[in-house]
Amino acid sequence: MDIHQDKILILDFGSQYTQLIARRVREAGVYCEIYPWDIEFSRIQAFDAKGIILSGGPESTLSDHRPLAPIEIFNLEIPILGICYGMQTIASQLGGAVENCGKSEFGFAKVRARGHTELLRDIQDEVTSEGYGMLDVWMSHGDRVSVMPPGFKLMASTDSAPIAGIANEDRQIYGLQFHPEVTHTVQGVTIYKRFLYDICGCGSAWTSANIIETSIANVRKQVGNDHVILGLSGGVDSSVVAALLHQAIGTQLTCIFVDNGLLRHQEGDQVMALFDKNMGVKVIRVDAEERFLGKLKGLTDPELKRKAIGNLFIEIFEEEAEKLVDAKWLAQGTIYPDVIESAGASTGKAHLIKSHHNVGGLPDDMKLGLVEPLRELFKDEVRKIGIDLGLSREMVYRHPFPGPGLGVRILGEVKKEFADVLRLADDIFIKELRSYDLYDKVSQAFVVFLPIKSVGVTGDGRRYDHVVSLRAVETIDFMTARWADLPYDFLDHVSRRIMNEIEGISRVVYDISGKPPGTIEWE
């Protein structure tokens with residue numbers, strides 16, 4: 001089965017929800033990719049999509065420098081769906097008009113479905129006493145369409161946005177002012193499925209089972225009888241790659257696990273137990289704590305720490321790889337968001353460049369070929385595949401862990417005693433989150449070691465020890481996040497455990513910064 005046979009192209013106008021649109025499309029079993037709005041039309045033609053979705057965005061179609069959809073797409077004779085800004089630019093570019101609302105509309109709204117279009121026909125949350133179908137939706141806009149383009153009819157409306165949906169059914173061009181991709185739009189999934197299946201004519205071949213089958217076949221075809229090496233970090237992405245490659249090529253795979261002394265509590269032993277002992281994957285463990293701590297000595301700037309850790313990791317990895325004389329391929333856990341975010345355009349927007357492999361900062365003269373079986377997948381798709389490949393749910397649904405590990409969760413200079421203390425505090429926090437059934441309710445949680453000391457009291461004695469901060473956030477796409485509103489009794493329990501059980505910590509604080517303006521990691 002060709003899992004790429006039916007494809008949807010998403011043109012990104014900078015919305016925070018663009019990746020969420022893509023996830024909704026893929027959850028419906030349809031492959032899609034994200035291109036920037038200013039991509040060359042020849043690339044759009046070459047992609048050969050069955051439909052195009054125009055995302056929302058922060059700009060205004062009333063601006064002199066507004067981003068525009070390539071005008072040629074409206075003559076491709078394939079269905080087009082515009083969301084929020086995407087609808088406004090359809091209206092503006094095809095002869096309609098857009099105006100400023102006077103004030104932004106952000107949040108829940110009730111939309112009346114009108115016109116009985118193919119997109120919204122019989123899709124409703126309730127019916128009014130007058131017989132009108134109503135939808136519960138999520139709005140996020142400052143402008144609105146004031147005049148529909150010629151040939152379009154009204155598809156939806158609200159009191160604040162009389163033109164909240166437009167449709168030209170002859171040309172199969174549709175626009176929605178609201179966001180069907182967010183969970184607040186109750187019928188959002190149904191609307192996307194209507195567009196994908198009934199209007200675009202797509203099938204649903206993009207499933208975990210088909211992705212695994214295709215990936216295994218592609219890997220076997222790519223590497224033949226050659227040997228493949230994989231840098232195994234113990235994180236979700238590299239673990240799923242290891243499981244997938246092990247199933248595809250068996251003993252042709254060797255994993256190199258570099259224990260840099262900056263991992264979570266007992267993580268090195270856990271990685272070896274899972275892959276080497278339980279799964280039969282060949283794993284070479286390199287204990288390099290002293291080398292990493294030596295490289296980090298005296299460094300306080302987070303960027304310098306990241307570079308030192310990254311460069312030494314590559315150096316050690318290359319040393320070990322050279323010992324495997326028959327290795328011809330390097331496997332990486334590159335996933336689709338890495339590709340989107342790392343491949344920059346001249347405009348500063350993210351371009352998908354299929355030939356772009358330098359996601360992890362690999363040297364240009366690298367002699368090994370690259371194997372990246374996950375580079376088309378979002379994180380949630382990687383996790384589903386991991387479960388299907390037999391990895392434990394606890395492993396697959398672990399919270400993200402930064403590549404430099406505790407090196408960027410210890411603020412200032414990294415020392416072994418700091419790492420040892422932080423490891424224990426983090427272990428208490430994570431275990432208690434699981435104990436209170438909170439772990440899966442937050443997107444990421446960890447402890448940060450602060451380069452300050454605070455006065456404390458133990459019994460009748462004075463303490464002057466270090467401070468750590470708990471951090472927990474809730475997010476959909478990790479581009480924006482809000483701090484998790486954890487129960488006070490839980491925070492009290494964790495704080496007392498950390499200060500009572502770990503020598504060297506006198507105070508525990510809780511980070512209530514959102515993203516933006518803060519970042520999820522402190523460094």
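By class, eight nonpolar, five polar and nine charged residues make up the lining of the second largest pocket (Ala, Val, Leu, Ile, Met, Phe, Trp, Tyr, Cys and Pro count as nonpolar, Asp, Glu, Lys and Arg as charged, and the others, Gly among them, as polar). The model is predicted, with local features requiring pLDDT of at least 70 and side-chain atom pairs pLDDT 80 or more, whereas totals for chains, interfaces and linings use all residues. Residues are numbered from 1 along each chain as its sequence is written, and side-chain values use heavy atoms, without hydrogens and water.

Of the 22 lining residues, Gln270, Glu394, Arg398, Ile430 and Arg434 lie nearest the centre of this pocket. A pocket is an open set of points on a 1 Å grid over the protein atoms alone, where a 1.4 Å probe fits, with protein on both sides within 12 Å along at least five of seven lines; lining residues have an atom within 4 Å of a point. Helix H7 (267–278), helix H12 (393–396), helix H13 (416–435) and strand E16 (444–458) each give two or more residues to the lining. The largest share, five residues, comes from H13. Helices (H or I, at least four residues) and strands (E, at least two) are DSSP runs, numbered from the N terminus.

Strand E3 (residues 51–54) directs Gly51 and Ile53 one way and Ile52 and Leu54 the other, and all are buried (under 20% relative accessible area, 1.4 Å probe, protein chains only). Gly51 is the bridge partner of Ile8, while Ile52 stands opposite Ile80 in E4.

Key
Buried < 20%, exposed > 50% of the residue type's maximum accessible area, 1.4 Å probe, protein only. Pairing = 2+ DSSP bridges.
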